[in-house]
Amino acid sequence: MRLTNFPSWLLALLALPLFTAAVHTSNWAVLVSTSRFWFNYRHLANTLSLYRTVKRLGIPDNQIILMLPDDMACNPRNTFTGSVFNDKSRMLDLYDDKGALEDLGMGGIEVDYRGNEVTVENFIRLLTDRWPSSHPHSKRLMTGPQSNVLIYMTGHGGNEFLKFQDSEEISSFDLADAFEQMYEKKRYHEMLFMIDTCQANTMYSAFYSPGVLATGSSARDQSSYSHHADQDVGVAVIDRWTYFYLEFLETRMNSTSSDIRLGELFDYMTFDRVHSDAGVRYDLLEGREQAVRERRVLDFFGNVQGVEIETGTQETQNDWKKDLEALQELGARAESQQTAPKSKDKNATASTAANGMPNVSRVSLDMAQGGGSWLKKMAGAASLAVLGGAWMASNKLTKQYAVK
Amino acid sequence: MRLSTLLTLPAALLPLIYAKEQHSYTEHLHLKPLPDNSLYAGFTFTSTTPYTAYASNHFRYFPRSLAQILQYTHTAELHLRFALGRWDEESWGSRPRRGSREGGNGVELWAWMDADAEEGWSDLVNSLSGLFCASLNFVDSGKTTRPVLSFEPEGTLEELQETRNGTGELRLLHGMLPHEVVCTENLTPFLKLLPCKGKAGISSLLDGHKLFDANWQTMAVDVRPICSTGGDCILEIQQTVDMVLDIERSMRPRESPIPRPLPIKDITCDETKGYNGHDTCYPEGPGGEMGWSLSSVFGRPIRGSCALGGGEEEEGFDITLKVPSERTVEVISETAIPQSTSSGSRAYRLPKDANFDLDLPHQALESSSSGAFALEQPPLYASRQLTGHGAERGGMHTLLRNPHPYAQRIVYLESLPWFLRPYMHTLELSGAGGKMEKMFYTPLLDRQRGTHLELLIEIQPRSTVEITYDFEKAILRYTEYPPDANRGFDIPAAVIRVLPNNATQDQGQGRDYYLRTTSLLLPLPTPDFSMPYNVIILTSTVIALGFGSIFNLLVRSFVLVEEVPVGALAGVVWRLKDGVARVRGMLKGGGVGKEDDGGGVVKKGEVVVGGEVRKVNGGGGGGGKKDT
């Protein structure tokens, strides 16, 4: 396996110094909880924990979009008014941790979308930035081609869908198409998509836009479990996968100059810890697995103070030429996607095209949902054979009785 | 000549001094214990800016973020409220600030804006929703009303228009979101508007954990222009937080807020009870005034003052505590505190860089506690309920009670969502002393506009008025239901404005008094949301069955067994079977006749369908072949 991939592996190794130097100039985070009601406390706690972590690692509040569909802190059922906890020790108040961190300027919380505003439509609009002109800036994702975006979602989901507020769903294809729009509109440099829900890994199977690194908490037909409950809060307070993400980030990422690599983070999510098969999808990023695993965690969770130099606003002839070239590139990419042979394996390794661009083939829609599971196919065939045999036998028997 | 120049010099200096004072910031905390171990705390933060500075984007204490929104949307005066809980008039008396800084449960917003700026209102609610982390953008045309009598500008808007040379009229727009939750994320931006950002001064007491645990709380932002006759205008922003804390509840430690029963030996028994014995105990309260301190109730002491307006010349006191003169109050601070004591209230000025705390120990007051809590009677009591049953119709019932010996005129405003359709012919004012003087009514338009109903009513002395009307509940479209439709739909509070009259003006209470009823929860007919899926599944099944049989009838032909052509492969099989049968026949000799009968059964011309032809043929093949 490794030998057959040798040329691309070599290529990745050669390109490594280029990748490790951060080329993005800003970091954004979109943190979404998609479930309402008190018993889904843990999903809000998950999201708020991530909010706290990215804030701690330097992403400012105006670059974090927080979507909370319900109010847990001031919920009448909450004994601890104004607080949300993610651990039964209740050492850390996620909602307004004024005591310990106020000197660092971390007190307070700003929720951008809340209650009934958390809908699939608003989420897609946020990603693709299609808003009426009066939409406030604080509720927009104002990213550019130099922005790294972290997207975290949690809620109740299933095979290739995620429920929003118990009343609507977003499918993996909606998400993939939204990311493609973002790619075409140059709204991100690289993206880390994280999802903690049942059958989470199916949510990123449909992605096809370059530059997206995706990770999920559980494989298809697996549930994602909660970690533990607090008896005084009365409900489960955090999910396993997020819990161990936080454990890693809290214990290993102690400063904004930590040099921890993504590979380490992903390897931390073992089956023993998470109780489900956490998955990572590397193939959409340049350099693929080997290079991506060498990325710094802070490329997505931290913030860089990069400077973007815009060279004036004068329109020159070169501008529209560049635009034209970019459009041609997009067209060529779309064409190559259509003509590319449909790969059977979802995690098909992309071949390097002649022009040097990674030729990412569109994932074919697997209606039978049987990719790879030969056991199931065999079982199906066997059951069909048994049924056929039974039918034949019964036929024979009736014949015999009819005769006698 | 000389005299006149001497006179004009101070006059020329006056605007300069005036302009300096126009950039000002003051804050004040009013504390007042209420009966039943409650504590009222009213925070007021006021900052001003000259209008010229505002117009040229120069700000000192006035929050820039809010000012830019006001400029962009051409808003002259703004009132924004976040409220939670209910003011208990029966036990707490008259409302603080005569109800002028209160809102209905949830979020309430009203503003005077340039009438010619069409998009202004939607821009304003959207911008404010971004600034205050609230879903104010849901205040759309369906939730916006234009009250006529209920509100009057607090600022001098006409003079402002003259100053700005504005020709256009100003219009008042009003919107309410009763469903909106008020929580810490609204307090954070509220504090960020303050010059000291909650780090110093009285605002350092404001903590979401305590504020949102209060029995009643309201946060308000009010922006108004104040113009002098000379045409000099200043813009004033007043931010207020009012709350009623349960002292006992607030003093619970944050780590373990769940109260546990006291051990029996710590409970004092009321020995006057007849059943009191060694095993029966009627617990007796500690009696007297409960002990509390600022740091125990609010979780922290005040961290110094937020003295920004130059400092030395400030004469005002930062904190007023309204307690009887015999109540012990200890001031805990590292530096000496200027204070003043008058009958029934004490005032303190905060130290510059030191913590400040007030401690009121547990004390049994000599005088009767009724004197300590001389509650002011509110001008009016109001309550509103939904009546009726069933999912189709309902009724609204409002009770207004005037407890005073003089008649009062009030304005009653209701803004109802479109899915509550009042029958106006059933609107009735009953009770002895009510007289409707005026009515303003804007009928609803489905999905576009809600009902706006404004009544000017005169209520006779010591009488009760009932306002009743029936309504119909609309059925929403499937996609219009919110995710928690079964909870019900919030109906905004009714706003009641008690107009000043001669009797109250004599008592020096010349201003309006506002009160709001509680918001209501209206259950609407909600469908079973899984029903469409059931329908889809059932329809698919029916279609599949119907389509399947018709398709079969259309594409399959019905033939006799004899007419079935024999395929090449089938011929070979039959020939083989024929051979086998012949061999068996030769070996057995006799058994053929039976098989012949068997063959006859099939041969009698059974009609078989295409798919089964081969089977029947295969089965009866031996017999059939035998005949030939």
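This is a predicted model: local features need pLDDT of at least 70, side-chain atom pairs count only at pLDDT 80 or more; totals for chains, interfaces and linings use all residues.

Q: To which residue does a disulfide join Cys74(A), and at what S to S separation?
A: A disulfide needs cysteine sulfur atoms within 2.5 Å. For Cys74(A), the sulfur at 2.1 Å belongs to Cys183(B). The pair crosses between chains, running from the loop between strand 2 and helix 3 of chain A to the loop between strand 6 and helix 7 of chain B. The partner and separation are therefore Cys183(B) and 2.1 Å.

Q: Is the disulfide of Cys74(A) and Cys183(B) right-handed or left-handed?
A: The torsion about its S-S bond is about 80 degrees. That makes the disulfide of Cys74(A) and Cys183(B) right-handed.

Q: Is the disulfide of Cys269(B) and Cys281(B) right-handed or left-handed?
A: Cys269(B) and Cys281(B) are joined with an S to S distance of 1.9 Å. The torsion about this bond is about -110 degrees, so the disulfide is left-handed.

Q: How many residues apart in sequence are the parts tied together by Cys196(B) and Cys306(B)?
A: A disulfide joins these two cysteines, with S to S 1.7 Å. Cys196(B) lies in the loop between helix 7 and helix 8 of chain B, and Cys306(B) in the loop between strand 10 and strand 11. The separation in sequence is 110 residues.

Q: How many residues does the largest nonpolar core have?
A: Phe301(A), Leu31(B) and Phe43(B) have the most contacts inside this core. Phe301(A) touches residues including Leu50(A), Met194(A) and Tyr245(A). The core has 143 residues.

Notes
Residues are numbered from 1 along each chain as its sequence is written. Chains are lettered from A and ligands numbered from 1 in the order in which they are written. Side-chain values use heavy atoms; hydrogens and water are left out. A nonpolar core is a set of buried Ala, Val, Leu, Ile, Met, Phe, Trp, Tyr and Cys residues joined through side-chain atoms within 4.5 Å. Buried means under 20% relative accessible area, exposed over 50%, partly exposed in between (1.4 Å probe, protein chains only). Contact means heavy atoms within 4.5 Å. Helices (H or I, at least four residues) and strands (E, at least two) are DSSP runs, numbered from the N terminus. Lists of a residue's contacts leave out its neighbours within four places in sequence.
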